[in-house]
Amino acid sequence: MGAHLQPLALRLLALTFPLVAKGFPDETLEKAAKSEGYCSRILRAQGTRREGYNEFSLRVEGDPEFYKPGNSYRVTLSAATPAYFRGFTLIALKEGKEGDKEEDHAGSFQIIDEEETQFMSNCPVAVTESTPRRRTRIQVFWTAPPTGTGCVILKASIVQKRIIYFQDEGSLTKKICEQDSASEGVTEKPILDCCACGTAKYRLTFYGNWSEKTHPKDFPRRTNHWSAIIGSSHSKNYILWEYGGYASEGVKQVAELGSPVKMEEEIRQQSDEVLTVIKAKAQWPAWQPLNVRAAPSAEFSVDRHRHLMSFLTMLGPSPDWNVGLSAEDLCTKDCGWVQKVVQDLIPWDAGTDSGVTYESPNKPTVPQEKIRPLTNDTPETCIYSNWSPWSACSSSTCEKGKRMRQRMLKAQLDLSVPCPDTQDFQPCMGPGCSDEDGSTCMMSDWITWSPCSVSCGMGTRSRERYVKQFPEDGSMCKVPTEETEKCIVNEECSPSSCLVTEWGEWDECSASCGMGMKRRHRMIKMTPADGSMCKAETTEAEKCMMPECHTIPCLLSPWSEWSDCSVTCGKGMRTRQRMLKSAAELGDCNEELEQAEKCMLPECPIHCELTEWSQWSECNTSCGKGHMIRTRMIKIEPQFGGAACPETIQRSKCRVRKCLRGAGMEKRRWKEAREKRRSEQARKNLDSEQFPVCRMKPWTAWTECSTLCGGGIQERYMMVKKRSKSTQFTSCKDKKELRACNVHPC
């Protein structure tokens with residue numbers, strides 16, 4: 001037994017509301033009269049009931065057998081080509097109830113497209129058409145009732161010309177029961193096996209209609225794109241993603257980063273349950289005319305065991321917003337294959353990031369939430385984020401002020417219908433005030449906060465304002481004109497803390513396409529006073545996403561931990577590596593396998609450095625015992641625990657001659673000359689001991705004093721006259737001597 005199937009097309013529209021279906025020309029229709037009273041009578045057929053007639057169908061997405069209380073499900077009412085319908089009614093009843101009382105109804109509906117659908121005026125819990133015209137499909141969301149409701153019957157009636165088709169059993173009736181505690185957390189799967197023969201081949205084509213023109217509110221003008229499409233045809237035993245479920249790591253990476261790598265890895269691990277991996281390129285920018293670039297598409301196959309199709313693609317940039325299909329069944333109940341599917345896609349939130357705007361920074365949702373549609377809680381065509389908390393009152397006194405809350409318009413489904421404001425205001429007064437005791441003082445705005453009172457740790461700062469107008473009765477203003485608050489600089493201030501600079505700019509992303517890492521750095525301004533290690537982080541890293549890579553060049557292991565810094569103090573380098581896991585299957589790999597970055601440890605100790613010793617001075621006496629001195633200067637002061645400086649002045653005893661009394665002038669001069677010769681010889685002996693192989697020129701005359709008063713410096717020099725060729729000493733070099741001069745006060 002076999003089946004001959006022509007290649008078919010599966011066409012998907014993203015964020016295009018409303019869906020314009022191709023069909024027959026519009027015809028005049030008198031809307032079927034609805035009887036007065038409650039909802040039970042609206043479902044009674046006015047024409048002949050046709051049992052088993054399956055050209056119309058009512059379907060809950062994923063065909064679940066059980067519902068989870070409080071969860072939302074997408075409900076689709078559709079007509080098989082070439083059939084159509086002009087009007088409809090959709091209602092949800094508790095099992096065994098007739099619907100003539102309000103408590104008979106279960107759950108609640110949410111309008112997706114206000115141009116197509118609305119709530120009935122005489123039955124507010126039922127959904128009907130907004131205008132009577134030809135259509136082939138409508139969609140709404142149904143929120144399941146609370147625990148204890150039991151089974152629910154979803155019923156639809158179809159109006160075609162002047163005949164209403166309705167079936168108590170059949171394709172326009174769907175029974176779904178409450179999930180009991182034993183099955184809590186179990187993934188809901190299609191209940192029917194496929195009985196079709198052979199395989200069928202489809203082409204998925206994705207039309208992304210997301211642009212500044214269709215969604216002008218907060219539209220990201222830079223890097224707006226659809227990420228690479230990733231999905232598969234699979235069996236009912238494997239679900240890629242579903243409303244009310246939790247995002248896997250692969251779904252999370254697609255949702256937050258647009259990266260399909262982990263998702264593809266997860267799909268391939270389910271090899272027995274997957275027939276085809278569906279992949280299509282990313283679209284940069286998010287919208288381009290088809291005559292500029294063809295819509296992304298990919299072929300895939302299904303068979304009787306793997307007859308479901310799922311895929312997803314990210315709205316980029318966004319916190320974790322996506323569109324896609326979950327477990328779309330391409331097998332029909334009469335053992336055939338679906339001929340064509342044209343589906344409007346609803347944006348959904350993966351529940352992993354709490355950002356509220358397209359370009360919000362990473363803000364992980366902890367704990368992780370379930371996947372849910374991005375729909376509004378009112379029957380409008382505008383999709384919003386949740387309201388933010390109310391801000392503090394703009395007045396801190398008894399003057400009247402206002403407080404504000406905000407929400408983001410995520411999508412506008414119908415541009416012809418204006419969306420309500422995204423900001424909401426309320427009047428308010430400062431703490432402890434009421435409308436009755438409001439002050440009549442008019443105050444200026446607060447002046448900017450002063451700098452923090454400390455440079456490290458917790459301090460205070462203040463700000464001021466002034467009175468613009470005093471009360472008319474001449475009384476004094478009782479409102480404060482100054483306020484203070486605490487401020488923190490470098491958070492911790494103790495002997496073991498350190499001061500750091502502000503963060504620098506982010507480095508470029510480490511990857512040229514796909515997911516990578518980027519880093520930023522800061523420097524240590526001052527190490528801890530107690531000499532301990534600085535615990536402040538000097539490098540910060542986060543993920544970054546570049547345009548999608550069109551191929552997956554290689555599979556790599558995770559990066560290893562960073563190595564120790566190459567030095568024990570000061571600036572050095574550290575490295576990390578990763579391994580190439582599978583190059584043979586995927587071709588050459590151009591990814592780097594080793595990375596290096598700078599690292600900074602506490603400063604290295606700097607030891608004291610001194611100049612060479614000066615020459616010995618002359619003896620400080622002309623007769624008798626005296627002393628000579630020599631000095632040296634400090635070139636570098638010790639830092640960061642380095643060795644302290646040794647002595648910079650040395651003294652040596654000297655003896656010129658005995659002091660004589662009453663001797664003749666000539667004898668005294670002879671002795672003075674002899675003692676002078678002895679002194680010069682003693683100095684030469686000292687010099688020869690220090691420089692045994694150097695021959696030096698005589699000392700030059702002293703230079704002029706560097707200042708006229710207050711203490712200056714004079715210098716003189718001794719130059720090397722001749723060096724021995726055999727010398728091994730480094731001390732044989734020119735000499736310099738300093739002495740103080742003009743030490744008298746100015």
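Q: What makes the link of Cys-619 and Cys-654 right-handed or left-handed?
A: The angle about the S-S bond is 80 degrees, and the link of Cys-619 and Cys-654 is right-handed. This is a predicted model, in which local features need pLDDT of at least 70 and side-chain atom pairs count only at pLDDT 80 or more, while totals for chains, interfaces and linings use all residues. Residues are numbered from 1 along each chain as its sequence is written, and side-chain values use heavy atoms, with hydrogens and water left out.

Q: Why is the pair of Cys-619 and Cys-654 called a disulfide?
A: A disulfide is a pair of cysteine sulfur atoms within 2.5 Å. The sulfur atoms of Cys-619 and Cys-654 are 1.8 Å apart, so the pair meets the definition.

Q: Which parts of the chain does the pair of Cys-619 and Cys-654 tie together?
A: Cys-619 lies in the loop between β39 (609–610) and β40 (625–631), and Cys-654 is in strand β42 (residues 649–655), so the pair ties together parts 35 residues apart in sequence. Strands (E, at least two residues) are DSSP runs, numbered from the N terminus. Cys-619 and Cys-654 are both buried, that is, under 20% relative accessible area; exposed is over 50% and partly exposed in between (1.4 Å probe, protein chains only).

Q: How many disulfides does a search of the whole structure find?
A: The search finds 8 disulfides. One of them joins Cys-151 to Cys-177, with 1.9 Å from S to S. With 100 degrees about the S-S bond, this link of Cys-151 and Cys-177 is right-handed. Cys-151 lies in the loop between β9 and β10 (152–160) and Cys-177 in strand β12 (residues 173–178), so the pair ties together parts that are 26 residues apart in sequence. Both Cys-151 and Cys-177 are buried.

Q: How do you know that Cys-565 and Cys-599 are joined by a disulfide?
A: The distance from S to S is 1.9 Å. The link of Cys-565 and Cys-599 is right-handed, with 85 degrees about the S-S bond. Cys-565 is in the loop between β35 (555–556) and β36 (571–577), and Cys-599 is in strand β38 (residues 594–600), 34 residues apart. Cys-599 has a relative accessible area of 12%, so this residue counts as buried.

Q: Which peptide bond at Pro-317 is cis?
A: The bond joining Gly-316 and Pro-317 is cis, with omega about -5 degrees. Pro-317 is in the loop between β18 and β19 (321–329). The bond from Val-366 to Pro-367 is cis too, with omega near -5 degrees.

Q: Why is the aromatic pair of Tyr-67 and Trp-142 called edge-to-face?
A: Rings of Phe, Tyr and Trp (its six-membered ring) pair if their centres lie within 6.5 Å; planes under 30 degrees apart count as stacked, over 60 as edge-to-face and the rest as tilted. Tyr-67 and Trp-142 are 5.9 Å centre to centre with 85 degrees between the planes, and so are edge-to-face. Tyr-67 lies in strand β3 (residues 66–67) and Trp-142 in strand β9 (residues 137–143), so the pair ties together parts that are 75 residues apart in sequence.

Q: What makes the pair of Phe-206 and Phe-311 edge-to-face?
A: The ring centres of Phe-206 and Phe-311 are 6.4 Å apart and the planes are at 80 degrees, so the pair is edge-to-face. Both residues, Phe-206 and Phe-311, are buried.

Key: Helices (H or I, at least four residues) and strands (E, at least two) are DSSP runs, numbered from the N terminus.
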